[in-house]
Amino acid sequence: MTKAIDFTRGPVYSPLVRFAVPILGALFLQALYGGIDLLIVGQFSSTADVSGVATGSMIMHTLTMVIIGLSMGITILTAQKIGEGDHDNAGLTVGNGISLFLVIGLVWTIVMILFSEGIAALMHSPAEAFGQTVDYVKICGGGALFITAYNIIGSIFRGMGDSKMPLITVCISAAFNVIGDMIFVCLFKMGAAGAAWATVISQALSVLVSMFIIRRRKLPFTVRRSDLKIRFGTARDILKLGCPLALQDLLVGLSFLVIMGIGNSLGVEKSAGIGVAERVCGFIMLFPAAFSQSVSTFVAQNFGAGNLRRANRGLFYGIATSLCVGFVIGSIGFFKGDLLSSIFSRDAAVIMQSHDYLKAYAIDTLFTSFMFCFAGYFNGVGKTFFTMIQGIVGAFCVRIPVSILVVRLVDDCSLFQLGLATPASTIVQIILCVVAFVLFYRKNKAAEAA
């Protein structure tokens, strides 16, 4: 039987880290999707294919983050119900979530197939790589239902404190993706389209195998057939928590797409350079992202149990650990980013541009250690609307305006100068989070005193 992990008792640090490690492994393997695609395409295909995969995968990543944001509603609500000891409603939450996201996945599939060319045009995909970008988006969009199901499985198990099952799911998918890339890109020379087919088929097979494994395991709550209907009250609670995060992820993702579009307008080498750097950055940011999810579940259970002081300790432990690792990883990215970039491209010019962009991201790793954990904390206590607001402020009041100003004011601006917009936005978000945390803490202290 799969047991829900109880974060409301015992030590704080060791359970938090043990829960974060499988999440880190799952995120690492998930980052390998686009990373492996870009690596193999970079070694066996043209620069246009690299640009197509870079732009197309960033589009798909943005939309996938929306699904993950929405599914956080299931994670948070399930964790809170488990913290309250209400396992019946935990099962109801899971059942309603599955039905709700089935509908969302179908809509996503239709939209991506119909509007793939328009989306590529909005991204200002270079003319040499336009067809490759459209192919990647259309094929991956056609498999959106599998991508949705794949992420829902992870959200359900993280909500009940099990971070190992999502890791198993990703391991299965990553293995199939490598095989698919070797067949479609290396053997059949299909370029960006081959990478897209490998991604879709691997996630479809992962969902099928994962469902077989899940059917052989017992959950700590029962999901009845009647729970698999969309009920207004439960669906509303899921969306109330998930929609702000999904909107934040969409808008923040769009802000990075705008930057990608700016990079595309600077030429195919800088376009490919940003794409490669984003792949490397996907790995650099894994640790703070893992602790963000870990803190979120830890805080949600303790908030549901009415133990806010313990939830606060989880936040501080998460920040401290993430900051130490972030310093090491950021240093590697700043000083040895060219070696990391060379994994994904053989073109010396693309590697140089990628390293230039990575230097700015390396600086950001120090700040995201704070910001990601704060975001996980506010998600856990159900303040997802604030998480959305601070993300939107960072993206649209800082990151995009600064990027546009740099391009307009600096002649032949470097990707390092363009990339500095990201740490600038993170600093502003941290300030907002600290202010909100102090106000939230004082409000709860006053409530306890009353």
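Helix H11 is mostly covered, with 17 of its 19 residues buried. Keep in mind as you look around that this is a predicted model.

From its first C-alpha to its last, H11 reaches 27 Å, close to the 27 Å expected at 1.5 Å a residue. Just after H11 comes Gly306, which takes a positive phi of about 80 degrees.

How many aromatic pairs does the count come to? The answer is 15. One of them sits in H11. Phe287 and Phe291 form an aromatic pair, with 5.1 Å from centre to centre and 35 degrees between the planes, and that makes the pair tilted. Why are Phe287 and Phe291 separated by about one helical turn? Because they are four residues apart in helix H11, which runs over residues 286-304.

Phe316, Phe374, Tyr377, Phe378, Phe386, Phe437, Phe440 and Tyr441 form one aromatic cluster.

**A nonpolar patch on the surface**

Now turn to the outside. Ile179, Ile183, Leu187, Phe188, Met190, Trp197, Ile201, Leu205 and Leu208 make up a nonpolar patch on the surface, and together they have about 840 Å² of accessible area. Helix H7 (164-187) and helix H8 (191-215) are the elements that give two or more residues to this patch. Which helix gives the most? That's H8, with four residues. Leu205, found in helix H8, belongs to the patch. Its relative accessibility is 32%, so Leu205 counts as partly exposed.

Between H7 and H8 there is a loop, and Lys189 has its place there. Lys189 has a positive phi of about 55 degrees although it is not a glycine. That's worth a second look, because most residues other than glycine have a negative phi. Is Lys189 buried or exposed? With 56% relative accessibility, Lys189 counts as exposed.

Ala174 lies in helix H7, and at 8% relative accessibility it counts as buried. From Ala174 to Gly154 you go 20 residues in sequence and 15 Å in space, C-alpha to C-alpha.

**One salt bridge**

The count of salt bridges comes to one. In general, side chains of opposite charge can pair when their charged atoms come close. Here the side chains of Asp237 and Arg236 meet, at 3.6 Å from N to O. Asp237 has a relative accessible area of 29%, so it is partly exposed. Arg236 has 45% relative accessibility, so it counts as partly exposed as well.

Thr64 is placed in helix H2, residues 47-84. Its relative accessibility is 13%, so Thr64 counts as buried. What does Thr64 touch, leaving aside neighbours within four places in sequence? Thr64 is in contact with Trp108, Ile147 and Asn151. Thr64 and Gly253 are 189 residues apart in sequence, yet their C-alpha atoms are 9.9 Å apart in space.

Gln353 has its place in helix H13, residues 348-380. At 12% relative accessibility, Gln353 counts as buried too. Not counting residues up to four places away in sequence, Gln353 touches Glu269, Lys270, Gly273 and Leu415.

Here are some of the accessibility values side by side:

| Residue | Relative accessibility | Class |
|---|---|---|
| Ala174 | 8% | buried |
| Gln353 | 12% | buried |
| Thr64 | 13% | buried |
| Leu205 | 32% | partly exposed |
| Arg236 | 45% | partly exposed |
| Lys189 | 56% | exposed |

**Helix H5**

One more helix to check. Helix H5 covers residues 130-142, and at 1.5 Å a residue its 13 residues should span 18 Å. Why multiply by one less than the number of residues? Because that is how the expected span of a helix is set. The end C-alpha atoms of H5 are 18 Å apart, which agrees. The buried residues in H5 are Gln132, Thr133, Val134, Tyr136, Val137, Ile139, Cys140 and Gly141.

Notes. Residues are numbered from 1 along each chain as its sequence is written. This is a predicted model: local features need pLDDT of at least 70, side-chain atom pairs count only at pLDDT 80 or more; totals for chains, interfaces and linings use all residues. Side-chain values use heavy atoms; hydrogens and water are left out. Patches are made of residues with over 30% relative accessible area and no salt bridge: like charges are joined within 9 Å, nonpolar side chains (Val, Leu, Ile, Met, Phe, Trp, Tyr) within 5 Å. Accessible areas come from the Shrake-Rupley method with a 1.4 Å probe; for residues, only the protein chains shown count as cover. A salt bridge is a side-chain nitrogen of Lys or Arg within 4 Å of a carboxyl oxygen of Asp or Glu. Buried means under 20% relative accessible area, exposed over 50%, partly exposed in between (1.4 Å probe, protein chains only). Rings of Phe, Tyr and Trp (its six-membered ring) pair if their centres lie within 6.5 Å; planes under 30 degrees apart count as stacked, over 60 as edge-to-face and the rest as tilted. Contact means heavy atoms within 4.5 Å.
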